[in-house]
Amino acid sequence: MEATASAAAASVFDHLEQAPEDPILGITVAYNKDPHPGKVNLGVGAYRTEEGKPLILNVVRRAEERLLADRSKNKEYLPITGLADFNKRSAMLILGSDSPAVVEKRLVTAQCLSGTGSLRVGAEFLARHYGVKLVFLPTPTWGNHFKVFMNAGLAVKTYRYYDNKTRGLDYEGMLEDIGAAPSGSVILLHACAHNPTGVDPTPQQWEGIRQAIRNRGHLPFFDSAYQGFASGSLDKDALAVRTFVADGGECFIAQSFAKNMGLYGERVGALSIVSKSSGVATRVESQLKLVIRPMYSNPPIHGASIVALVLGDGDLFSEWTVELKGMADRIISMRHKLYDALRARGTPGDWTHILKQIGMFSFTGLNKEQVQFMTREYRIYMTLDGRISMAGLSLKTVPLLADAIHAAVTGAKA
Ligand code: PGU
C-alpha cells in the first residue's frame, strides 16, 4: 500500500547529523543524567542557595502575590514592544533616571526574551538597518554571542580582551584592536562582570575605551546580564553604560533580568537603542516593531509585570537591592572559601585571581583535560574552558571542589 511504502521509506531528515550539546546548557543535561548524589553543577551561571537550591527572591513572590490579587490585571496581548511601564523603568535602571537620553526621549526600549532575545533583536535590527555588518566580540566571550550575531547575518570578529599571562585585562591590545577595526564597526561590550573571565575595565579604562570607540565612529552594543552582581550595587554596575550615554552618542543595550531578579525561566529582558534625537528614536521604534512582529509578535506578560512592579514600588525596590546584595555577597564569600581551601591544601599555583575576579564566575585557568578529569573523578560539572559558576558553590561543596582542583593540578589520582 502506498501509505506503508512511504512510512517505510527513508525519513526526510535522514541526512541530519547528531548535533553536539550546547557547551554551557549541555553541562546541565549531562549533570541531570548523572545518578550520583554527590554531583555538583558549576556549569550554568544560575544562582543557588547555600543548600544548593534555586532561589526565588522574596520580592518576586510579593510582586506575584500582588499580581494574583489584582483583578484588574488580564492576560491580553502586550504591544509588539512589550509592557510600557517595564520598558521605561528598565531603561531608567541601566541609564539612571536623570540620564540625558531619557530626559530628551532619545531612546526606544523594547521588552524582549531575556538577554539573549534582546541581543538577537538588536542584531536583527542592525543586519537590516545598519551599514557596517560587522561586530567585534571580546576574546573570550559568552559562547552564544557568536551564534546570535552570525545567525542574524552579521560578520563576527574578535578583539583582544583577556591576557592569560596577567590574568587581567589586555587593555593595550583591546585599544589597538578597536582602533584597527573598520570605522563604524559594532563593538560588543560586557557592561559588567565579564563572562567568562570576571575581569572588568576600571572606570579610567572605560573612559579610554569610550574615546577609542567614539574616535573610530564605532557603534557600542552593551550586554548587561549581571547588573548588581559585580559590585552588589545597581548604580555602580551601570557605570560603563552611563559613561557612553553621557557623551550624547548612540549605543545599543541588551538587559537581562534572569540573574539579578532570578527570573531565568520567565525570559524577561529589554533592548534599548539610544539615538541622537527623539525624531530618530521614533523612527527606530517603528522599524523595530517590524523586526519583532514576524519573530514572536509580542513578548510574554508575566515576568515583565513582576519586574515593573518591583522597579516601580519604593518598598519592593529597596528589598530587591538588599536581596541582590545578599546574592553578590554570598558569591564573594565563596571566592574566599575556595581560595582558603586551595591554600590549605598547598595546591600549586597563584589562585589570587579567584579573589580578584568579578561577578558570578571564576575563570580558573584549568584546561580541558583537567576539567574532564574533575567531572569524571569528582562529578564536578563545569564548562571546558575552566569556568566555574561561583553562584553554584556552597560551604558544603567547596571542599570537594578544592580536592578536585588539587588533584587535577598535581596530577594526583582521585
Ligand atoms: N549575556 C551574557 C554575558 C550571559 O552570560 C548570558 C547568560 C546571557 C547574555 C543570556 O542570558 P538570558 O538568560 O538570555 O537573559 N549566560 C549564562 C546562562 C546560560 C546560558 O549560556 O544561556 C551562562 O552560564 O553563561
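Which residues come nearest to the ligand? Of the 18 residues around the ligand, the nearest are S114, T116, N195, D223 and S256. A residue counts as near if one of its heavy atoms lies within 4 Å of the molecule.

## Basis of the model

This is a predicted model, in which local features need pLDDT of at least 70 and side-chain atom pairs count only at pLDDT 80 or more, while totals for chains, interfaces and linings use all residues. Residues are numbered from 1 along each chain as its sequence is written, and side-chain values use heavy atoms, with hydrogens and water left out.

## The shell around the ligand

The shell divides into 8 nonpolar, 6 polar and 4 charged residues. In this scheme Ala, Val, Leu, Ile, Met, Phe, Trp, Tyr, Cys and Pro are nonpolar, Asp, Glu, Lys and Arg are charged, and the others, Gly among them, are polar.

Helix α6 (residues 114-129) supplies the largest share of the shell, 3 residues. Helices (H or I, at least four residues) and strands (E, at least two) are DSSP runs, numbered from the N terminus. Domain 1 (22-55 + 329-409) and domain 2 (77-312) each give at least three residues to the shell. The domain bounds come from an automatic or database domain assignment.

The side chain of N195 has an N or O atom 2.6 Å from an oxygen atom of the ligand. For D223, a side-chain N or O atom is 2.6 Å from a nitrogen atom of the ligand. In the side chain of Y226, an N or O atom is 2.7 Å from a ligand oxygen atom. Taken alone the ligand exposes 530 Å², and the protein buries 93% of that. Such areas come from the Shrake-Rupley method with a 1.4 Å probe; for residues, only the protein chains shown count as cover.

P196 is in the loop between β7 (186-190) and α9 (203-215).

Another cis peptide bond joins T139 and P140, with omega of about -5°. P140 belongs to the loop between β3 (134-139) and α7 (144-152).

## Two other residues

K105 is not a glycine, yet its phi is positive, at about 55°. K105 sits in the loop between α5 (100-103) and β2 (107-113).

R293 is in helix α11 (residues 278-296). The C-alpha atoms of R293 and I80 are 6.4 Å apart, although 213 residues separate the two along the chain.

Terms used. Polar contact = N/O pair within 3.5 Å; in protein donor to acceptor, adjacent residues only side chain to side chain.
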